[in-house]
Amino acid sequence: MRPELDGRPLILSRQVRGVERVFACSHEAAALGVIRRQPIAEVKGLAADGRLTVLPHDPDTDRAALLQWAEHCDRFSPLVGVDDTPEPDSLLLDITATARLFGGETALAGEVVAAFARRRLRVRAAVADTSAGAWAVAHFHGAFFIQRSPLLQIPPGETPDALRLLPIESLRPPGRTLTLLHELGVDLVGQLALLPRDELPSRFGPELLRCWDRATGVQPEPICAVWLRSEFTASWEAEVPTRRRETVHAALEQVVEQLGHDLRAAGRGATRVECRFYCLPGEWHGDRAAVRQGGNDFSNKSQAGDMAPPSSRALVRFVIGLFRPTVDAKHLLGLLHLKLEKEQLSGPVAGVEVAALETGPLVHRQLSLFTRDTADDNGQPGRHELEQLIERLSNRLGRQAVLTVCLLPDAQPERAWRGESLVGGPRRKRAGKPFAGELPFRPLTLFSRPLALRAAPSLHLPSPEDEAISPARIHFDGEEHCLTESWGPERIETGWWRGRQIARDYHRVETAAGRCLWLFRRLDTGRWFAHGTFD
Amino acid sequence: MNPSSAKTIQITQLQAQIAQMESLHPRGGVKVVSSNCPPLDALLPHGGFLPGTLVEWLAEGAGTGAVTLAVLAARQATHSRRPLVVVDRRGQFYPPAAVRIGLDPKRLILVRADTQADQFWAVDQSLRCRGVGAVLAWPRRLDVRTFRRWQLAAEEGDVLGLLIRPAVARKEPSWAEVRLLVEPLPSSPKGRRRLRLHLLRCRGLTGVQTFDVEMDDETHSVHSTSQLASPTAPGRAARA
């Protein structure tokens with residue numbers, strides 16, 4: 001994601017009880033002696049200044065990255081999920097059926113590790129009977145830390161034994177239960193096995209036993225798949241490739257209805273739908289389909305698919321996003337048609353495929369109407385229209401262009417908020433609380449890049465010593481302005497660990513014409529910039 | 001009775017009739033959106049802006065305070081739980097400042113449109129949507145047909161459209177119900193922002209009303225400082 005940081009010591013920091021501590025670090029940083037949970041202040045002295053980069057840990061970014069990697073893993077398993085916790089750090093693959101295609105579980109895990117290594121990522125891969133068991137092994141098993149092996153396969157049926165020597169944290173029980181267990185001297189999973197099983201729920205709450213049973217396979221644990229392509233797709237193949245628009249539209253209608261039917265039967269609604277048109281000339285590469293159905297030559301094909309994407313001329317694909325999970329074929333068709341109008345099909349259409357890339361539990365209209373009515377005292381109309389508006393805007397302008405605003409507790413004005421897409425994808429779990437502090441006075445217009453100011457030639461730039469003085473005349477917006485009033489400075493500095501340190505003195509100034517501007521002076525160079533206008 | 005006074009009476013009568021026709025638009029039980037600017041509300045025939053209409057804020061250059069006034073009105077429009085859609089073409093709208101003015105971030109939808117065509121389309125679609133409370137946009141150039149379409153769209157969706165436009169637009173015809181020109185003034189000795197507002201156009205009012213307001217940056221309240229001897233059109237004013 002950040003190639004410039006490759007090969008450099010990098011630390012992710014996080015506040016724990018008021019102290020900024022190391023949350024994770026790169027191998028380069030570890031080589032310098034950085035260890036987890038160390039206070040950031042201590043780390044400072046370990047490297048020459050500027051060498052060490054410290055970024056704040058952001059679980060949302062982690063989740064987004066994991067979702068991307070999950071996409072790359074779909075050639076190993078039809079069911080790939082991201083750890084379903086507020087702070088995910090793992091990918092879960094169901095390899096029950098696919099291992100034999102790679103020549104066994106160890107071989108498959110080896111390929112997974114190698115695939116990530118090719119992308120310069122080090123991973124730990126664990127194979128176990130259950131996903132919770134594999135998670136526990138991957139996070140806590142000594143083989144990874146003592147022998148430094150990248151992968152470990154627990155033979156079938158031996159997962160409960162393998163868990164015995166792992167710390168109790170590996171089961172991920174709730175925090176309070178964990179404290180209680182430690183107080184009682186129960187530190188390993190094996191010790192838990194010695195306690196009378198029936199009494200566990202009454203002593204430690206029902207969750208502990210559930211965690212344990214999931215890890216050992218007594219209770220099933222679902223993997224929340226991010227890539228449900230294999231589950232919800234519908235396709236149509238032309239007997240004779242056609243150029244007739246009506247036929248293509250009818251085919252699209254047919255597959256969308258099929259998709260809607262499948263989704264409804266599963267109680268899921270689509271939040272992102274991909275539509276593909278396979279056009280002649282060019283082969284019909286069912287690249288993803290091949291992975292699913294390819295049988296024995298599966299691995300060859302998937303690798304070929306890795307290197308050469310199917311000719312873009314032959315395949316026309318686009319994705320639509322939805323505000324709320326839906327199975328409504330008519331609604332989906334409407335959105336797909338909007339997109340299709342803008343696409344150019346290259347030749348006769350040989351096949352149409354639609355796939356629900358992301359789905360969410362289906363909320364029945366009845367229920368949503370009911371909750372709406374209780375939430376809105378005046379029975380406000382238009383909620384449904386608003387959702388449709390958001391979908392239309394997002395699908396034409398792109399999902400990155402229709403945003404809800406999330407305020408962040410960051411002093412740097414550019415980073416004090418973030419826009420989040422309103423459609424597509426599961427609702428993100430927020431790890432942090434929304435920012436609710438006192439907001440500082442800020443301009444309504446903030447330039448995406450501060451504009452460097454050229455002070456009027458008759459004036460000399462204030463020397464770095466005169467910190468409070470701002471220039472009396474500025475060129476801005478093609479005009480010269482005479483400044484009559486100035487408030488400030490407001491000093492904004494970001495931590496040295498941000499990589500590029502920000503140190504600015506902001507001034508709110510008023511021109512002779514009564515306009516209000518927001519200027520700042522960089523403390524390092526003494527240069528002036530305009531950053532916004534109080535519109 | 002001399003002829004000139006008869007003429008005056010006739011003109012007065014006609015003016016009264018026009019005023020009646022213009023102001024008594026059949027809008028029974030309609031909710032009025034306060035501009036959150038009491039001196040302006042006092043001048044507007046309904047005591048505020050009407051949902052389903054367009055309001056134009058004209059300002060020369062940047063940093064005038066026009067957008068703050070528009071956001072204050074939008075804040076009021078979102079009280080019906082319907083959100084404000086900000087169609088931002090330049091990517092410079094800074095939401096934290098709007099939240100500080102009192103806008104609920106949950107009722108703010110930010111739309112980024114790269115081209116003029118996308119911007120026009122997004123504004124049109126948003127105005128047409130009954131689930132939207134208000135739309136804020138910065139159309140620099142606006143042809144009469146688009147303007148008329150937006151006005152009809154706003155009426156259909158019952159949405160308040162807030163348009164920030166350059167001052168030169170006052171020469172162009174308008175489909176806005178209310179057209180305001182905002183001029184910044186040097187701030188008060190206490191450091192409060194002062195603005196001079198010209199109510200250039202408003203259904204039911206003739207002539208240009210000019211008044212000064214003072215804005216408190218802490219509380220975001222606006223109050224009148226003087227009611228100038230109106231209705232005298234400022235020299236440059238040419239009614240659209």
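I began with strand 9 (residues 268–279) and strand 11 (residues 349–361) of chain A, which pair in the antiparallel sense over 11 bridges. Pairing here requires at least two bridges found by DSSP between two strands. Strands (E, at least two residues) and helices (H or I, at least four) are DSSP runs, numbered from the N terminus. I picked out one bridge: A:Arg268 has A:Pro361 in strand 11 as its partner.

A note on the source: this is a predicted model, so I kept in mind that local features need pLDDT of at least 70 and side-chain atom pairs pLDDT 80 or more, while totals for chains, interfaces and linings use all residues. Residues are numbered from 1 along each chain as its sequence is written, and chains are lettered from A and ligands numbered from 1 in the order in which they are written.

Next I traced the sheet: 4 strands of chain A, open, in the order 8-11-9-10, with antiparallel pairing. Strand 8 (233–242) and strand 10 (315–326) are its edges, each pairing on one side only.

Then I turned to the chain contacts. I found 44 residues of chain B in contact with 43 of chain A, contact being C-beta atoms, placed from the backbone, within 7 Å. Helix 4 of chain B gives the most to its side, with 6 residues.

Notes:
Contact = placed C-beta atoms within 7 Å.
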